Amino acid sequence: MQSIPIEHGLILAGVLFALGLVGVLTRRNIVFVLMSLEVMLNASGLAFVVASARWGHADGQVMFLMILTLAAAEVAVGLGLIIQMYRKFKTVDIDVLSEMKG
Amino acid sequence: MMILFYIAGTVAVVSTVGVIVQSNIVHALIYLILSLLAVAVVFFSLGAPFVAVLEAIIYAGAIMVLFLFVIMMLNMGQHTIDQEKTWMAAKDWALPAGLAAILLAQLLYVLRDFQVDIVPNEVGVLEVSALLFGPYVLAVELASILLLAGLVSAYHLAKK
């Protein structure tokens with residue numbers, strides 16, 4: 001079996017994380033923002049799994065399971081909030097949420 | 001395995017670009033599912049089959065179906081797509097994209113002198129579950145409480 005350089009796995013995780021960051025910063029539709037957050041969480045999990053493959057241990061995979069749990073809980077709460085926001089404002093534009101600014 | 005890693009990595013990056021530039025939200029979601037499945041193949045090629053299966057089942061299966069359900073429930077039609085297109089002007093995304101590119105360049109700079117090879121030997125279900133129900137058993141309990149709290153608060157937030 002051939003070997004994979006560890007920096008290629010970490011570079012892939014970094015590229016995916018940066019793409020998710022661009023999505024969070026640029027999109028104004030809140031569903032897209034939540035999807036980009038998923039991409040970022042997934043990229044950090046990828047970095048954990050790459051590190052666990054480097055050492056041949058399973059600890060990184062356990063951390064990925066924790067990230068998976070976190071992502072599931074976060075998506076459930078976030079989508080509930082999006083439904084409430086759509087009921088109240090009839091839009092998914094995050095700029096309407098700026099009414100609390102003083 | 002090496003070929004599998006590079007092909008799946010390329011597919012993951014291209015489909016993630018598809019997620020952040022799409023204006024149709026359902027198409028973006030399909031791209032996101034493709035990206036997650038490609039990352040699952042990357043996990044498999046790194047010798048982590050259990051995590052690859054969980055990524056396909058929980059991420060690409062359960063969480064994305066939740067997204068699809070909410071998108072269908074909100075029933076955003078053509079006007080949302082047109083609105084998205086007007087929001088995607090170059091002057092709005094150029095600065096954040098530039099800043100993220102600087103961050104990525106710094107990450108690559110830090111990684112420049114890593115010279116370690118991964119020899120992917122399989123770390124399967126047995127090793128992971130021995131850790132999960134050994135030293136990490138408290139974390140598993142806390143994760144179950146987190147999921148329960150997420151369930152209750154999602155129910156509370158989404159009800160009328």
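B:Ser23 is buried, with a relative accessible area of 15%. Buried means under 20% relative accessible area, with over 50% exposed and values in between partly exposed (1.4 Å probe, protein chains only). B:Ser23 is found in the loop between helix 1 and helix 2 of chain B. Helices here are DSSP runs (H or I, at least four residues), numbered from the N terminus. Not counting residues up to four places away in sequence, B:Ser23 touches A:Arg27 and A:Phe32 of chain A, and B:Ile81, B:Glu84 and B:Lys85 of chain B. Contact means heavy atoms within 4.5 Å.

This is a predicted model, in which local features need pLDDT of at least 70 and side-chain atom pairs pLDDT 80 or more, while totals for chains, interfaces and linings use all residues. Residues are numbered from 1 along each chain as written, chains are lettered from A and ligands numbered from 1 in the order written, and side-chain values use heavy atoms, without hydrogens and water.

B:Ser15 counts as buried, at 2% relative accessibility. A polar atom of its side chain lies 2.8 Å from the backbone oxygen of B:Val11. Leaving aside neighbours within four places in sequence, B:Ser15 is in contact with B:Tyr31, B:Leu34 and B:Ser35. The C-alpha atoms of B:Ser15 and B:Ile71 are separated by 20 Å, and the two residues are 56 apart along the chain.

Now the helix pairs. Axes are lines fitted to C-alpha atoms over the stretch in contact, and angles run from 0 to 180 degrees between N-to-C directions.

| Helix pair | Angle | Axes apart |
|---|---|---|
| Helix 1 and helix 2 (residues 25-45) of chain B | about 160° | 8 Å |
| Helix 1 (residues 6-26) and helix 2 (residues 30-55) of chain A | about 165° | 8 Å |

Helix 1 and helix 2 of chain B are therefore roughly antiparallel to each other. Angles over 145 degrees count as roughly antiparallel. Their crossing is left-handed; that is, the near helix is turned anticlockwise from the far one by less than a right angle. Among the residues making this contact are B:Ser15 and B:Val11 of helix 1, and B:Tyr31, B:Leu34 and B:Ser35 of helix 2. By class, the contact has 15 nonpolar, six polar and no charged residues. Nonpolar covers Ala, Val, Leu, Ile, Met, Phe, Trp, Tyr, Cys and Pro; charged covers Asp, Glu, Lys and Arg; the others, Gly among them, are polar.

In chain A, helix 1 and helix 2 are likewise roughly antiparallel. The crossing of helix 1 and helix 2 of chain A is left-handed. Residues of the contact include A:Leu16 and A:Phe17 of helix 1, and A:Met40 and A:Arg54 of helix 2. They divide into 16 nonpolar, four polar and one charged.

Technical notes
Polar contact = N/O pair within 3.5 Å; in protein donor to acceptor, adjacent residues only side chain to side chain. Helix = DSSP H or I, 4+ residues; strand = E, 2+ residues; numbered from the N terminus. Parallel < 35°, antiparallel > 145°, perpendicular 65-115°, else oblique.
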